[in-house]
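Okay, thanks for making time, everyone. Let me put the structure up and then talk you through a couple of helices.

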Amino acid sequence: MGVFTVLTRCLLQPVSVVDDELVPKVGMTFTTLEDAGKFYRNYAKAAGFSTRVRCTNRKGNEIKNQLITCSREGKWKSKISPAEKTNPTAGLNCPARIYIHTLKDVGAWIISKVVLDHSHPCCPSKAEMLKQHRELSMSIRRTIENNEEAGIRPSKTYQSFVAAAGGHRELNFIEKDVRNYITREVRNVSEQEDAKEFGKYLLRMKEKNPNFFFELQLEEDQSIKLAFWADARSRAAFEYFGDVISFDTTYNTNRYNLVCGSFVGVNHHGQSTLLGCSLMKNEEIESFKWLFQSWLRCMGGNAPKGFLTDQCASMKRALEACMPTTVHRWCIWHIMKKIPSKLNGYKGHADIEQEMSQVVWNSHSKDSFDRNWNDFLLNFGLVDNKWLSDLYEDRHIWVPIYLDHHFWAGMRSTQRSESMHSFFNKYITRNSSLIQFVKQYDNCLGSREQAERESDAADFHTVIPCATKSCIEAQFQDAYTHAKFREVQAQFRGKANCITRLKNSALGYSVYEVGEQVSSSIFNKFVVTYDSVAAEVKCHCLLFESRGILCRHALSVLSFEQVSQVSPRYILERWSKKVKRRHTHIKSSHDEPLMEPRSKRFDQLVFRSQNICEFASESEELTAILHRAYDNVMAEMEALKAKRKGTSSLSHEDANLESVNELQSPPRIRTRGRPKNRLGSKLEKQIANATKKKKTNVLSEVKVMFFKFINLFDAASAAHSNCSQYQGHVMSYQFRVPAAGDNWLGV
């Protein structure tokens with residue numbers, strides 16, 4: 001029994017010897033209570049446990065004494081039966097503690113009681129995993145905030161810290177701390193405040209640029225029913241790219257079940273460009289009418305020539321009412337995708353799907369489509385199929401041959417809008433707030449703007465060589481952007497598969513038959529007309545009419561006619577790289593975060609340090625100079641901080657917007673089960689691919705100095721708050737309560 005007791009006592013003692021200077025002793029005095037608590041925490045980390053404040057006694061507003069214990073003091077008992085669920089517990093009635101009280105005459109604090117024994121083993125090597133000893137420094141917190149703003153996932157952010165530090169063991173925090181900080185500090189927007197923050201965002205954007213546009217429609221309880229906004233750059237871009245619009249409402253912001261709709265155009269590089277965004281509580285006809293009317297007001301009342309949507313009856317009726325002169329087109333991809341589900345009850349449905357695709361895509365005239373469609377229905381016994389009958393009745397808004405004589409900028413589906421929604425899918429979840437959504441929308445605007453700027457720069461500084469000796473190709477090379485010139489070159493290459501035959505000619509007007517070999521045994525025939533007097537060429541494939549690119553059949557005829565220059569009508573300004581467009585001088589909207597003054601100071605110091613670190617890393621001598629300077633500055637700041645310890649500092653107020661106090665969030669929609677848009681598998685792949693590292697001696701030297709300076713700037717940014725007072729800029733706005741028949745808000 002005696003041996004067992006000795007062994008038990010040995011197990012209950014700390015596994016390592018702590019430096020005597022760190023061990024608390026009765027009679028130790030401290031200037032402040034905070035210093036005493038910090039001293040005991042440092043001892044706890046060295047000994048292998050964590051602490052907590054057990055009780056604090058006050059007299060009025062003054063603290064008289066405080067009891068700090070081991071965090072495993074006491075014993076917690078769950079109300080849930082262990083048979084149902086067992087939760088881990090840390091309480092083991094540990095007696096370790098210190099008792100601190102104030103010395104009235106001296107104004108200091110003294111330790112009057114110390115208990116060092118524990119009722120559990122202590123392990124210093126595992127102490128770093130205890131919550132109290134894990135810490136996110138200022139530089140880590142600012143990096144987390146910036147990454148969250150950029151839409152970088154927490155797991156990727158943590159992996160970047162691991163790579164920078166040289167391994168998990170070099171960090172004094174874990175991934176859970178990163179996620180908790182994002183949840184509690186960065187994304188900490190309550191449902192009651194969410195709509196107010198959304199309204200403040202709209203007002204801040206309007207304050208920064210008066211051409212920012214937004215309108216809201218509210219419910220009777222002032223909750224958001226419909227919202228639309230567009231930044232100044234989008235409004236300016238509409239002047240050049242607003243001829244054809246794709247609109248889709250695929251993606252839901254799931255906290256309130258609001259549906260996101262995006263207006264997307266095509267720029268001169270063939271890239272998608274955002275021309276407005278909306279949030280909708282429902283997809284009823286009146287909601288779409290309100291939205292389309294708001295969008296038209298935003299764009300100066302100018303309706304587009306073409307408008308693509310999915311197969312939605314509510315959208316169709318709203319468009320007919322709001323934009324009667326606009327050509328409406330259904331997304332053909334969505335229709336063709338429905339074939340398996342609509343026709344899988346028929347025998348040979350795979351053959352039905354293939355034949356229907358042939359009829360839709362390979363009918364080169366309206367009459368041939370009507371004949372081919374009727375033959376298709378008769379051959380497969382589908383004459384009485386209601387879905388196909390309804391499609392045929394609406395053929396003028398989805399079949400290519402009925403629509404391709406209008407300009408569509410290469411769009412036949414709403415996939416451009418859906419690609420924008422896929423961008424949101426990467427960063428927005430079911431639980432995302434409205435303010436998170438608009439931040440990611442700003443990121444999407446910024447990425448689209450940057451893509452256009454990069455393409456503009458490439459067009460200015462480089463030239464794509466011509467693939468042939470054709471003077472016509474050189475015309476397009478000189479005028480078109482790289483992306484569109486590549487499309488032209490694809491048609492020149494396709495010309496090699498074409499055989500041109502003159503059918504008849506009279507008074508300068510010629511009719512050609514161009515045979516295109518699409519496979520070893522299949523030739524497609526196209527009729528091309530050429531008017532030498534008017535210098536006009538037309539092909540019934542309608543590529544130029546629908547996409548603004550001369551087709552290979554027309555190029556074959558021009559080559560046959562020995563035409564060296566095409567008419568300017570075939571070189572569209574729409575695709576030109578020489579046009580100076582007004583929207584390129586306007587920045588896309590981006591909301592600057594309302595940071596604490598300390599964070600602002602920290603960012604400024606870090607920004608200035610980068611050039612110093614880069615310069616000093618060139619040699620060991622310069623590096624040594626910088627290290628000495630660092631040590632001197634740090635010593636000076638610590639001396640100043642110690643001198644001011646105990647004195648009161650001036651308070652500061654953060655910048656804020658006092659407005660939209662009546663605006664309410666929609667009721668949150670609770671859903672059952674796991675979200676359908678779960679991104680776990682993608683996340684796992686990203687983590688698996690995040691282990692590759694490249695290290696160089698120069699980079700490691702810069703890293704050492706940079707991290708050293710980060711600590712310096714953290715201290716400097718904190719010290720500055722002791723001698724400065726900040727007054728936030730306050731703007732007062734108030735959303736008005738909608739009057740009867742006037743229930744929308746906007747500017």
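This is a predicted model: local features need pLDDT of at least 70, side-chain atom pairs count only at pLDDT 80 or more; totals for chains, interfaces and linings use all residues.

Numbering runs from 1 along each chain as its sequence is written, and side-chain values use heavy atoms, leaving out hydrogens and water.

So, the overview. The protein has 26 helices and 18 strands; those are DSSP runs, numbered from the N terminus, with helices being H or I of at least four residues and strands being E of at least two. Of its 747 residues, 44% count as buried, meaning under 20% relative accessible area with a 1.4 Å probe, protein chains only.

Now the pair. H13 covers residues 349–361 and H14 covers 366–379, and their axes, lines fitted to C-alpha atoms over the stretch in contact, come within 9 Å and cross at roughly 170°. That angle runs between N-to-C directions on a 0 to 180 degrees scale, and the two are therefore roughly antiparallel, the word for anything over 145 degrees. Who touches whom? On the H13 side, Ile-352, Glu-355, Met-356, Val-359 and Val-360 meet Phe-369, Asn-372, Trp-373 and Phe-376 of H14, with contact being heavy atoms within 4.5 Å.

Last, H23, residues 597–616. Its 20 residues should span 28 Å at 1.5 Å a residue, and the end C-alpha atoms are 29 Å apart, which agrees; the expected span is 1.5 Å times one less than the number of residues. Among its buried residues are Phe-602, Val-606 and Cys-613.

Definitions and conventions: Buried means under 20% relative accessible area, exposed over 50%, partly exposed in between (1.4 Å probe, protein chains only). Angles under 35 degrees count as roughly parallel, over 145 as roughly antiparallel, 65 to 115 as roughly perpendicular and the rest as oblique.
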